[in-house]
Amino acid sequence: MRAAYRLARALLHLLRGYWIIKTQFAKISQKQRADHVQQWSAQLITVLGIQLRVVGTPIQSGLLVANHISWLDNVAIHAAHFCRFVAKSDIKGWPLIGYLTDQSGMLFVERTSRKDSHRVVQIVAEQLRAGDCVAVFPEGTTGEGRELLPFHANMIQSAIDAKAEVQPIAIQFTDTASGEQSFAPCFVGEDTLFQSVWRTLNAKSITVTLQFGAAQTTDSRDRRTWANDLRTSIHTMLL
């Protein structure tokens, strides 16, 4: 019953987001759109029965680099701080969710295409030069959170080209009562999106912790070295 109730509220909240975009986004500024996205994301976290804990302060402009566990990662980061995400192009085709993410400013990349990856690297660099905040998941896919996958360095080149700061973020999901790691929100392997969502809705109480680390500059590092150093920073925060 708890899961069904939360699911019904979440679907209504998704429809509310669709209505806001359709009726208001064309009339308001980019800053107001960002505020709407952040507030809507924070409300969705609450509707799903999840508590958000933020440690540290997100940078206002630059590249955010985080580990990747769940479809909830984007929502949690947006609830803490508005940014533009880089995500695989498949998401754009998801019913309703694809539209909402597209309108929130997400940048889509065809990961199997080197040419498209290069295009997005250039776009992200332009966004960073303009003072925007962009978030990426350099693992390239989701994991259980037990250990970090290798980091791809492509998007780190955007920060080098734009001479922008990069801030590592460590994401953790825990059972609120016990403090133990929660695997309910994981979206890996043979999991379908619905299976991951249903497990999350059935969980009694989950806390998602976002730990924002110290912002870094390139310090003459190449993209691969910097990507490895960022991975080490996130690994240290997860211990």
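Val-65 counts as buried, at 0% relative accessibility (buried means under 20% relative accessible area, exposed over 50% and partly exposed in between, with a 1.4 Å probe and protein chains only). The model is predicted, so local features need pLDDT of at least 70 and side-chain atom pairs count only at pLDDT 80 or more, while totals for chains, interfaces and linings use all residues. Residues are numbered from 1 along each chain as its sequence is written, and side-chain values use heavy atoms, with hydrogens and water left out.

Val-65 sits in strand S2, residues 62–66 (helices, H or I with at least four residues, and strands, E with at least two, are DSSP runs numbered from the N terminus). Leaving out neighbours within four places in sequence, Val-65 is in contact with Val-136, Pro-138, Phe-151, Ile-156, Val-166, Gln-167, Pro-168, Ile-169, Leu-230 and Ile-234 (contact means heavy atoms within 4.5 Å). Phe-173 is 108 residues from Val-65 in sequence, and their C-alpha atoms are 17 Å apart in space.

Two of those partners, Leu-230 and Ile-234, lead on to helix H8, residues 223–238. H8 has 16 residues and reaches 23 Å from its first C-alpha to its last, close to the 22 Å expected at 1.5 Å a residue (the expected span is 1.5 Å times one less than the number of residues). Trp-226, Ala-227, Leu-230, Ile-234, Met-237 and Leu-238 are the buried residues of H8. Seen down the helix axis, they fall within an arc of 120°, so they line one face of H8 (the arc is that of the directions from the helix axis to the C-beta atoms). Packed against these buried residues are S2, H6, S6 and S7.

H6 covers residues 156–162 and includes Ser-158. At 0% relative accessibility, Ser-158 counts as buried. Beyond four places away in sequence, Ser-158 touches Val-121, Val-124, Ala-125 and Leu-128.

Over at the other end of the chain numbering, helices H1 (residues 2–24) and H2 (residues 30–47) have axes that come within 10 Å and cross at roughly 170° (axes are lines fitted to C-alpha atoms, for helices over the stretch in contact, and angles run from 0 to 180 degrees between N-to-C directions). H1 and H2 are therefore roughly antiparallel to each other (under 35 degrees counts as roughly parallel, over 145 as roughly antiparallel, 65 to 115 as roughly perpendicular and the rest as oblique). On the H1 side, Arg-6, Arg-9, Ala-10, His-13, Leu-14, Arg-16, Gly-17, Ile-20 and Gln-24 meet His-36, Trp-40, Gln-43, Leu-44 and Val-47 of H2. The residues of this contact split into six nonpolar, five polar and three charged (Ala, Val, Leu, Ile, Met, Phe, Trp, Tyr, Cys and Pro count as nonpolar, Asp, Glu, Lys and Arg as charged, and the others, Gly among them, as polar).

As for H2 itself, its 18 residues should span 26 Å at 1.5 Å a residue, and its end C-alpha atoms agree with that at 25 Å apart. Buried in H2 are Ala-34, Val-37, Trp-40, Ser-41, Leu-44, Ile-45 and Val-47. They cover an arc of only 160° around the axis, which puts them on the same side of H2. The face turned away from that buried side carries the exposed residues Lys-31 and Thr-46. The cover over the buried residues of H2 includes H1, strand S1 (50–55), H3 and helix H4 (97–103). H3 (residues 72–80) is itself mostly covered, with nine of its nine residues buried.

Lys-163 has one of about 55°, and is found in the loop between H6 and strand S6 (166–175). At 76% relative accessibility, Lys-163 counts as exposed. Asp-219 has a positive phi of about 50° and belongs to the loop between strand S7 (206–212) and H8. Its relative accessibility is 58%, so Asp-219 counts as exposed.

Thr-176 falls in the loop between S6 and helix H7 (193–202). At 30% relative accessibility, Thr-176 counts as partly exposed. Residues up to four places away aside, Thr-176 touches Gln-51, Ser-205, Ile-206 and Thr-207. Gly-93 lies 83 residues from Thr-176 in sequence and 34 Å from it in space, C-alpha to C-alpha.
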